[in-house]
Amino acid sequence: MGDPCTESNSMAESDSKPPSASKNGKGEGGSGHSFFTWFMVLALLGVWTSVAVVWFELVDYDDVLARAKEFRYNISEVLQGKLGAYDADGDGDFDVEDAKVLLGLKEKPSILVERRAEPESLVEEPEAEPEPEVVEEMIQPSHAEEAAWPFPDPVEEEPVVLEEVEPEGEEEPVEDEAAPEIEISEEQVEEAQVDWESELEGEPEVAEAEESAPAEEDEDDSLSEDAGENQDTASVPEGDDDAAVPLPELVEEDSDSEDHTEDAIDTIGEIVEEAVPEETEELDHEELLEVDQGDEPTREDENPQEAEEEPAPAEDQPVEKVLVTAEAAQEQKPKEKVKKKKPKLLNKFDKTIKAEIDAAEKLRKKGKVEEALRAFESLVQRYPQSPRSRYGKAQSEDDLAEKVRSNEVLLKAINTYREVAELPDPPADLVKTTLKRRAERQQFLGRMRGALATLEWLVQLFPEDISLKNDLGVGFLLMGDNKNAKRVYEEVLAVAPNDGFAKVHYGFILKSDNMIAESIPFLREGLQTGDPGTDDGRFYFHLGDALQRVGDSSAYEWYELGHQRGHFASVWQRSLYNVDGLKAQPWWTPRETTYTDLVKTLEKNWKTIRDEALSVMDPSRGLFVPEDENLREKGQWGQFTLWQQGKKVEKSCRSVPKTCALLDRYPEATGCKRGQIKYSVMQPGTHVWPHTGPTNCRLRMHLGLVIPANGCQIRCTNQTRAWEEGKVLIFDDSFEHEVWQDASSYRLIFIVDVWHPELTQYQRQTLSPI
């Protein structure tokens, strides 16, 4: 044992020493452990957060990078533009040294003091920059208070001299870009751009703005105009299917396609013609030169080197030249149409009751036809001498007839249109609009004589209006009176020799009169004008056909152009009355048609069909009628029809009862309203020109009855075949086909048209007959 005193002293010393502790009150050993623990927790938390962000795609890194890049550009622009105004030391940016100068901690560089002492001519130099001047021209007069680009805040204006220190060509473009972005709204820029483009076209912008001011105030009260000035000539011919598709009668298949809101009437009683969008983007870099009649068009490029780098193939050049000519001419037309003077539709009295007319017209525009009709009828009762009220009544009746599909109501509208023109003081423009609409609706109902009388009335009232004479010529053509139509177009061409509409119609008449060579220049030059009414598939059709008949290979160039313009399904398939989406091929097999039972019946009974045909072929009986569609170059071609447009010819079937009885079981043939069933006999030495049928809605079957051993052939597209007795050939006659009969005896076949197999039952019932 040790000394008790020593032990007690040591214990006392040990007790007197306080335990070492860290600043947070914990032991040293615990401090190191705690720091490491928190570090690991934070590290693991960061790792798992990163994993979660990536795994669950909480952040779109592409977007973040894009925003960062955009922010870098924006901040760069701001620093160079906005903060550039605070560049006090002239080094081109804003930094700590500039801040010191602005805070008075550092003196301004002497070079800047000297520059500020220079004349104010430096300050005025930016005003000569081109960008602000162009913008001033773009601002509309109605926004005079915004006529110039807004300048930066006063803080930015004061040190404007500092911009002279910055390098030219670097900072100025950046500032020009930044200023519009900061100060000008997008709507103002769009409005300014529209006005600027209109000024480039040479339109009197200020005058138009002053004239349109009243219309802008009452824009909601504007009236609508159903002038319907564009005639729908895409109608269905009633002639033979093999015809070269002459101008057909105006029969609209779907009256829903009628547009009654082509024009709008503003608050001062004027038709406001909507500007046609100018699709002239291609012309921004090149100008198309005018082309003389029949000459090849030339193009003048602003950059001739680019034109030489990509020359068109030699074989394709004619087609491209024709296309350039027609498109260039038609793209130039909308510019002229926009500048037409607005017709006046209100007389002095109608202006006094304009508010009431507007209220009634609003109802019609909103589709409340019955209410609009009652409103206009009330106006007519109270103001019987008001032309505009009566015209609104006619329009409402017209709309109602369209809505309820009533010819009786449409006849009322036609009568009311006449009453408008007979009132004592109607505006001339209203009379013209009214009678043109009346003629169109009469043609729609098939009342061609009445429409012709209306058109003649119009020409008498407005003898100087060439377009009305052109419409009168169409009226004669629809009546089948080519002689008077020719006279009208000769009168038009005598005073307007470059009128494209008159040229194409006059060329069509010449071709119908078998003046093939004479028709070509009129058809070609008329199409090249691009005038309204000339871009019609029928004129491409007849021009190509005429060129083929004179042996001119450029026919297919015009067919190609017609295809590019959307008139033909292809160069080969040139029918004009089509249903989109149907399978198109020149030759078909019985299985492909799905009409195998009909084919089997025809081939099984071919001798019965032949014998009945031979019994009626006696020329003295006159049952076979010569083909009269002008499809033959030479020879003789006769036909004996049993069904036409889905209707049975009873008299003919009494002569061949067994044949008709066989076919009665097949509605795909007898019910084909766009086809025929007939015998066809062709004598030796006959040649049928290349031609196409009018529609893609049918297929044509040829059953061989009497076929010479050699010399009889039929070509469809680029494939030529021959008939066989007792066998059926099937082809789509909407494709170009041609026939030769060079045998020593006659050829007799039986033709059966059937519906295209892909047509639905509804389509077969509702398609108009051809």
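Biologist: Helix 21 and helix 23: are they roughly parallel or roughly perpendicular to each other?
Modeller: One caveat before that: this is a predicted model. The axes of helix 21 (residues 466-478) and helix 23 (residues 500-512) cross at roughly 25°. Angles under 35 degrees count as roughly parallel, so helix 21 and helix 23 are roughly parallel to each other.

Biologist: What do their axes come within?
Modeller: The axes of helix 21 and helix 23 come within 10 Å. The crossing of helix 21 past helix 23 is left-handed.

Biologist: Which residues make that contact?
Modeller: Helix 21 puts in N470, V474 and L477. From helix 23 you get F501, A502, H505, F508 and I509.

Biologist: Next pair. At what angle do helix 25 and helix 26 pack?
Modeller: About 165°, with the axes of helix 25 (residues 537-549) and helix 26 (residues 555-564) 8 Å apart. Angles over 145 degrees count as roughly antiparallel, so helix 25 and helix 26 are roughly antiparallel to each other.

Biologist: Left-handed or right-handed, helix 25 past helix 26?
Modeller: Left-handed.

Biologist: And which residues meet there?
Modeller: On helix 25, they are Y540, F541, L543, G544, D545, L547 and Q548. They meet A555, Y556, W558, Y559, L561 and G562 of helix 26.

Biologist: Which strands is strand 13 joined to?
Modeller: Strand 18 (residues 747-755) is one of them, joined to strand 13 by eight bridges. Strand 16 (residues 728-731) is another, with four bridges to strand 13. Strand 13 runs antiparallel to strand 18, and also antiparallel to strand 16.

Biologist: What about the five-strand sheet, what's its order?
Modeller: 8-12-17-14-15, an open sheet with antiparallel pairing. Strand 8 (632-634) and strand 15 (719-721) are the edges, each pairing on one side only. On average, neighbouring strands in this sheet are turned by 20° against each other, ignoring direction.

Biologist: How many bridges join strand 8 to strand 12?
Modeller: Two, and strand 8 runs antiparallel to strand 12 (residues 686-691). R632 stands opposite V688 in strand 12.

Biologist: Zoom out. How many helices and strands does the protein have?
Modeller: 33 helices and 18 strands. The protein has 770 residues, and 42% of them count as buried.

Biologist: And the contacts, what share join residues at least 24 apart?
Modeller: 70%, counting contacts between residues at least 6 apart in sequence.

Biologist: What's the average pLDDT?
Modeller: The protein averages 74, and 58% of the residues score at least 70.

Biologist: Where does the pLDDT stay under 50?
Modeller: Residues 1-30 are one such stretch, and the model gives them five contacts beyond four places in sequence. Residues 111-321 are also below 50. That stretch has 316 contacts in the model beyond near neighbours in sequence.

Notes
Residues numbered from 1 in each chain as written. Predicted model: local features only at pLDDT ≥ 70, side-chain atom pairs only at ≥ 80, totals over all residues. Heavy atoms only, no water. Pairing = 2+ DSSP bridges. pLDDT = per-residue confidence, 0-100. Contact = heavy atoms within 4.5 Å. Axes fitted to C-alpha atoms, helices over the stretch in contact; angles between N-to-C directions. Parallel < 35°, antiparallel > 145°, perpendicular 65-115°, else oblique. Left-handed = near helix turned anticlockwise from the far one by under 90°. Buried < 20%, exposed > 50% of the residue type's maximum accessible area, 1.4 Å probe, protein only.
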